[in-house]
Amino acid sequence: MTETGNVVIVGAGPSGLLLAGDLADAGVPCTVLERRVGESNLTRAFAVHARTLELLDQRGVAEALLSTGERVRRVRLFGEAVLDLSRLPSRHRYVLVTPQYETERVLEERAVAAGAEILRGREATGLRQDSGGVTLDVRAADGTGHALRAAYAVGCDGVHSTVRRALGLPFPGGSVIRSVMLADVRLADAPREVLTVGATGDAFALLVPFGDGWYRAVAWNRAHQAPDSEPVEFAEVRDTVRRALGTDHGMHDPRWTARFHSDERQVPHYRIGRVFLAGDAAHVHSPVGGQGMNTGLQDAANLGWKLAAALRGQAPPGLLDSYHEERHPVGRAVLRGSGAATRAVLLEPRALRALRAVAARVALRTPPVARRATGAVSGLDIAYPAPHGAHRLTGRRAPDVRLAGTPGRLFEALRDGRFVLVVAANDPAVTYLATKRWADRVRCALAGGATRTTALVRPDGYIAWATDETAPDRRATEIRDALAAWCGPPAERPAHERHGRERQARER
Ligand SMILES: Cc1cc2nc3c(=O)[nH]c(=O)nc-3n(C[C@H](O)[C@H](O)[C@H](O)COP(=O)(O)OP(=O)(O)OC[C@H]3O[C@@H](n4cnc5c(N)ncnc54)[C@H](O)[C@@H]3O)c2cc1C
């Protein structure tokens, strides 16, 4: 049996790679097992939403990904109905369209640079756990087997998760859409818009660019529903696209085709003892809305700092359980939203389709509805439960506020993986607490603008605690309590200070 780092992650898809980078950045030794040897994961996702770009910004890699794709500010849904992302309350007022392999490349480079070990050609075939750790059975590409031991394991191994099955967990749900055809093609007559979507009731199509002259066509033909194993005829893809979009854009030279079906399923528990599930291993749904990869990345961002705190012995009681408590409801909401959107896209009767188009257009022109829709799609509205009586900001996403000094904004301050205590006013008692007694876990930053609010921001960019208290002594007490509740016990007072106080006491 080989003792590995502290955490074994199964699966080097987007979820596993982000988690590996976060753990390695936090100094936690981690190993990723990936059964694929060399080839990259099948590119399925193209849409990277604003909240995910913010998470990448908090890790210093957003720019690297932004340079690979195109920013889409307005997404046309049904006819005249447009989702306008240009007013999102974020630096990223758009959806980034870039192939999934680019997201994975950026995340893998970061994880490897931070020291994560990624073992390719290694398939997890089973696992067991006891009070001291987890043992994983691993099969190498040459067929040999061995066992690995770790403190925790995380299944980021996709929809057919071996880890989920080894835990004996059900994956309840059903099929939401069948016989969706994928084809990578060239277009003689490229569309004007980056994302081209259309649906007639009998046909649905989406065209999206890889950025190198190739396009992914996604097409669904109600009249021909076939199992995934049935080969795709290029002529059928072209006809279906023509019916859904009114033109096939001179589609030619298909280099790859596939057929898939999409399920809507969610595992009931994201944590069993020392084993966690994230990404498609925990939830799957229709690709409509482009939420799957984005949700998996957010799972990973939620879990990484909690595991790191647990391994350092600094996790307050219940912190690891809060992963399920916070992320399971988000997964459920995503399933509901994407299911409703899929059913709307596939509506059959012509009259209902006309009604859908009018209703969507009117709704999206109503500011509160448009704000709710863009907040949900972009992921910016995701919030976590707050205790009764907590400050109104507790559990919400922290916006990228301006800070006085360097770094100049909150997302830059979050890049070293610590909590950030954003204080409203420079106050020595507060600075002492954060920078001396919790310095390894907390960074103290002075708010750049006028504010009364002092907030403790978690390493994943959500607000753990906040206060509007202005009296310095009461505020300092509240802050000390919040740091103790979220960041674990404070470090011992530095020896010279302890001795100084003892000397003062003797002299008195
Ligand atoms: C057509 C289509 C379009 C989509 N578009 C979007 C979109 O625009 N935006 C979006 O957010 N999402 C989209 N999605 C969903 C998105 O692709 C997935 O949600 C995402 O890939 C999930 O990432 P993951 O890391 O959780 O799992 P995966 O990407 O499935 O990665 C799992 C990894 O685990 C490995 N693995 C599996 N079993 C084992 C094992 N036993 N041992 C070792 N390794 C193992 C696999 O080889 C794989 O590399 C789309 C999906 C489809 C089908």
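A crossing of two helices is left-handed if the near helix is turned anticlockwise from the far one by less than a right angle, and right-handed if clockwise.

## Basis of the model

This is a predicted model, in which local features need pLDDT of at least 70 and side-chain atom pairs count only at pLDDT 80 or more, while totals for chains, interfaces and linings use all residues. Residues are numbered from 1 along each chain as its sequence is written, and side-chain values use heavy atoms, with hydrogens and water left out.

## Helix packing

Two packed helices are described by the angle between their axes and the distance between the axes. Axes are lines fitted to C-alpha atoms, for helices over the stretch in contact, and angles run from 0 to 180 degrees between N-to-C directions. Helices (H or I, at least four residues) and strands (E, at least two) are DSSP runs, numbered from the N terminus.

Helix α1 packs against α4 (residues 100-114) at an angle of about 25 degrees, with the axes 8 Å apart. The two are therefore roughly parallel (angles under 35 degrees count as roughly parallel, over 145 as roughly antiparallel, 65 to 115 as roughly perpendicular and the rest as oblique). α1 passes α4 in a left-handed crossing.

α1 also packs against α7, at an angle of about 25 degrees and with the axes 8 Å apart. That makes α1 roughly parallel to α7, but the crossing of α1 and α7 is right-handed. The axes of α2 (residues 50-57) and α7 come within 9 Å and cross at roughly 40 degrees, so α2 and α7 are oblique to each other. α2 passes α7 in a left-handed crossing.

## Ligand shell

Oxygen atoms of the ligand lie 2.8 Å from a polar side-chain atom of N294, 2.9 Å from a side-chain N or O atom of Q100 and 3.2 Å from a backbone N or O atom of P14. The protein covers 92% of the 1000 Å² of accessible area that the ligand has on its own (Shrake-Rupley method, 1.4 Å probe).

## Backbone exceptions

Most residues other than glycine have a negative phi, and most peptide bonds are trans. S179, in strand β14 (residues 173-187), is not a glycine but has a positive phi of about 55 degrees.

The peptide bond from T406 to P407 is cis, with omega near -5 degrees. P407 lies in the loop between α10 (367-378) and α11 (410-413).

Terms used. A polar contact is a pair of N or O atoms within 3.5 Å; within protein, one must be able to donate a hydrogen and the other to accept it, and residues adjacent in sequence count only if both atoms are side-chain atoms.
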